[in-house]
Amino acid sequence: MALGLEQAEEQRLYQQTLLQDGLKDMLDHGKFLDCVVRVGEREFPCHRLVLAACSPYFRARFLAEPESAGELRLEEVSPDVVAQVLHYLYTSEIALDEASVQDLFAAAHRFQIPSIFTICVSFLQKRLCLANCLAVFRLGLLLDCARLAVAARDFICARFSLVSRDADFLGLSADELIAIISSDGLNVEKEEAVFEAVMRWASSGDAEAQAERQRTLPTVFESVRCRLLPRAFLESRVERHPLVRAQPELLRKVQMVKDAHEGRLTVLRKKKKEKGKEAAGAKATDKGTAEAKAEENEEEDERVLPGILNDTLRFGMFLQDLIFMISEEGAVAYDPAANECYCASLSTQIPKNHVSLVTKENQVFVAGGLFYNEDNKEDPMSAYFLQFDHLDSEWLGMPPLPSPRCLFGLGEALNSIYVVGGRELKDGERSLDSVMCYDRLSFKWGESDPLPYAVYGHAVLSYMDLVYVIGGKGSDRKCLNKMCVYDPKKFEWRELAPMQMARSLFGATVHDGRIFVAAGVTDTGLTSSAEVYSITDNKYGCFPLHLPPHSSTGQPGSKGPAVAAWLRGSGPSVSALAGIVAPVLGLNY
């Protein structure tokens with residue numbers, strides 16, 4: 001009588017478990033051992049039958065060396081890795097972590113054990129991050145694992161603006177770089193970013209490495225979609241770049257692009273394979289020499305466009321501008337053009353009292369709340385620090401902010417994020433002048449130069465790699481009209497012209513070289529006034545804005561969501577909505 005599928009599967013699993021448990025028991029008790037695997041100074045007694053059944057590599061070694069089959073020496077592999085592999089063969093159990101997975105992956109590839117190989121691939125895919133994506137990409141290529149290489153490449157393409165600044169990016173080979181920048185899925189708003197990344201890559205390394213990279217630069221250049229570059233950028237930046245001017249072949253390619261901008265496309269003739277010649281030769285017998293030659297020439301040549309003239313838009317060039325509204329229950333993206341809202345994320349990870357920031361690279365960060373950090377025994381209280389992953393619509397936990405505070409400001413400059421001022425989340429709620437700095441390349445927190453004065457409830461803006469601090473309240477809880485700017489290159493704070501009205505908890509944004517300040521709280525109550533600061537002139541002036549009295553929505557204690565601009569495909573004009581759009585639209589419920 002035939003067994004049902006479920007019953008047959010159950011019996012098969014039972015037999016597998018019985019066999020595996022029996023083999024492990026014999027190994028543990030030293031029964032029927034007929035082989036010793038030697039790795040360095042360590043020995044691993046085992047069964048040849050088990051090794052040969054699980055690994056074509058071991059099977060081939062035993063068959064090729066029958067006289068020494070009782071002893072198997074392994075070179076260029078760690079004893080700990082071999083111990084884990086053997087343990088898996090007998091138990092189906094393996095302990096993976098970030099420190100050992102790459103060695104196990106290489107061992108599984110060498111010993112031809114597909115189950116360990118697959119487990120390692122899944123582990124690496126799930127743990128792809130900015131710190132390891134390039135290494136995983138190169139590992140996938142090295143071990144000829146298309147699944148892993150493609151997953152890592154897609155991760156890199158989605159975060160190209162950040163990954164391209166990493167030191168490991170400059171260590172890519174020409175072929176590895178081409179595999180990345182030739183992708184349609186590259187998340188860049190403008191092709192200028194691809195050109196600049198390629199030029200940084202070509203200029204890096206020692207003299208020998210630079211010479212080799214510049215030799216391959218014409219080939220790499222074929223993957224830069226120069227037809228997507230503005231004509232002005234092509235002439236002022238590309239054509240005048242020292243590496244381009246040094247190579248006539250690159251100048252010819254640039255001229256092709258300039259001709260294409262004027263409607264003259266350069267078409268190349270690509271020779272077909274020999275099969276085409278054989279077919280044409282056969283026709284020559286029937287049709288005569290002259291006619292066959294014409295047909296042969298026509299079939300031999302295939303008209304193609306040079307790669308540099310590829311004008312297919314990248315993935316990031318299709319994205320639209322949205323306003324991101326964040327609360328402790330989730331995040332909503334608002335499209336001001338269509339006047340529609342979209343649910344971006346539902347999450348309970350966001351602390352109620354938080355501050356948000358959108359960087360120039362469209363990264364969204366949130367900091368705030370209280371977090372108990374078990375790793376820090378001396379001062380376990382920290383604040384949450386999260387980053388939004390727009391691809392998976394999830395918030396990623398980043399290294400916690402070591403100095404918990406509220407009513408602070410967030411700014412960015414030179415690959416760093418600054419947590420400025422605020423009030424301590426401790427007894428007394430002392431006003432702070434301290435500034436914490438998060439390095440986005442090393443993923444570490446540190447202290448920056450302190451403010452000239454303690455402040456909370458203020459506005460922080462970033463512009464041209466400078467951090468501006470405006471208004472707020474001082475230690476005496478009085479509103480301030482002060483304004484200062486931090487230059488991270490000089491490591492110094494400098495005071496600027498004060499606002500016309502002292503205020504706190506207001507909306508502020510920067511647009512077209514000017515800072516706009518709107519609404520907020522004064523010492524006598526709410527205000528609906530607005531003023532504008534000229535960065536060039538270092539001077540405030542009046543700005544007519546008809547608003548009902550409001551305080552800023554992005555501050556802790558308000559009932560509405562925090563607001564940040566989602567700057568996809570935009571310049572400063574969209575970031576201008578970040579601070580004042582909430583009061584203007586009445587989002588502070």
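Helices (H or I, at least four residues) and strands (E, at least two) are DSSP runs, numbered from the N terminus. The model is a predicted one, in which local features need pLDDT of at least 70 and side-chain atom pairs count only at pLDDT 80 or more, while totals for chains, interfaces and linings use all residues. Residue numbers start from 1 along each chain as its sequence is written, and side-chain values use heavy atoms, with hydrogens and water left out.

**Stop 1: helix H5**

Select residues 101–111, which form helix H5, and then Gln112, which follows H5 and has a positive phi near 60°. Why do they lie on the same side of H5? Because they cover an arc of only 165° around the axis, the arc being that of the directions from the helix axis to the C-beta atoms. Show the surroundings next: these buried residues pack against helices H3 (56–64), H4 (79–91), H6 (114–126), H7 (133–142) and H8 (146–158), where contact means heavy atoms within 4.5 Å.

**Stop 2: valine 37**

Go to strand E1 (residues 35–39) and pick Val37. Val37 has a relative accessible area of 1%, so it is buried. Which residues does Val37 contact, leaving aside its neighbours within four places in sequence? They are Arg42, Glu43, Phe44, Cys46, Leu51, Leu72, Leu74 and Val82.

**Stop 3: helices H11 and H12**

Select H11 (residues 192–202) together with H12 (207–221). The two pack at an angle of about 155°, with their axes 9 Å apart. Axes are lines fitted to C-alpha atoms, for helices over the stretch in contact, and angles run from 0 to 180 degrees between N-to-C directions. That makes H11 roughly antiparallel to H12; angles under 35 degrees count as roughly parallel, over 145 as roughly antiparallel, 65 to 115 as roughly perpendicular and the rest as oblique. Show side chains where they meet: from H11, Phe195, Val198, Met199, Trp201 and Ala202; from H12, Gln210, Arg213, Gln214, Thr216, Leu217, Val220 and Phe221.

**Stop 4: arginine 225**

Move on to the loop between H12 and H13 (231–238), where Arg225 is found. Is Arg225 buried or exposed? It counts as buried, at 3% relative accessibility. Its side chain makes a polar contact of 2.5 Å with the side chain of Asp184 and reaches the backbone oxygen of Thr312 at 2.8 Å. A polar contact is a pair of N or O atoms within 3.5 Å; within protein, one must be able to donate a hydrogen and the other to accept it, and residues adjacent in sequence count only if both atoms are side-chain atoms. Other residues that Arg225 touches include Ser182, Glu191, Ile308 and Asn310.

**Stop 5: a four-stranded sheet**

Show the open sheet with the order E19-E20-E21-E22 and antiparallel pairing; two strands pair if DSSP finds at least two bridges between them. E19 (459–463) and E22 (492–495) are the edge strands, each pairing on one side only. The twist averages 25° from one strand to the next. Zoom in on E21 (residues 483–487), which pairs with E22 over four bridges, and find Tyr486 opposite Trp493 in E22.

Methods. Buried means under 20% relative accessible area, exposed over 50%, partly exposed in between (1.4 Å probe, protein chains only).
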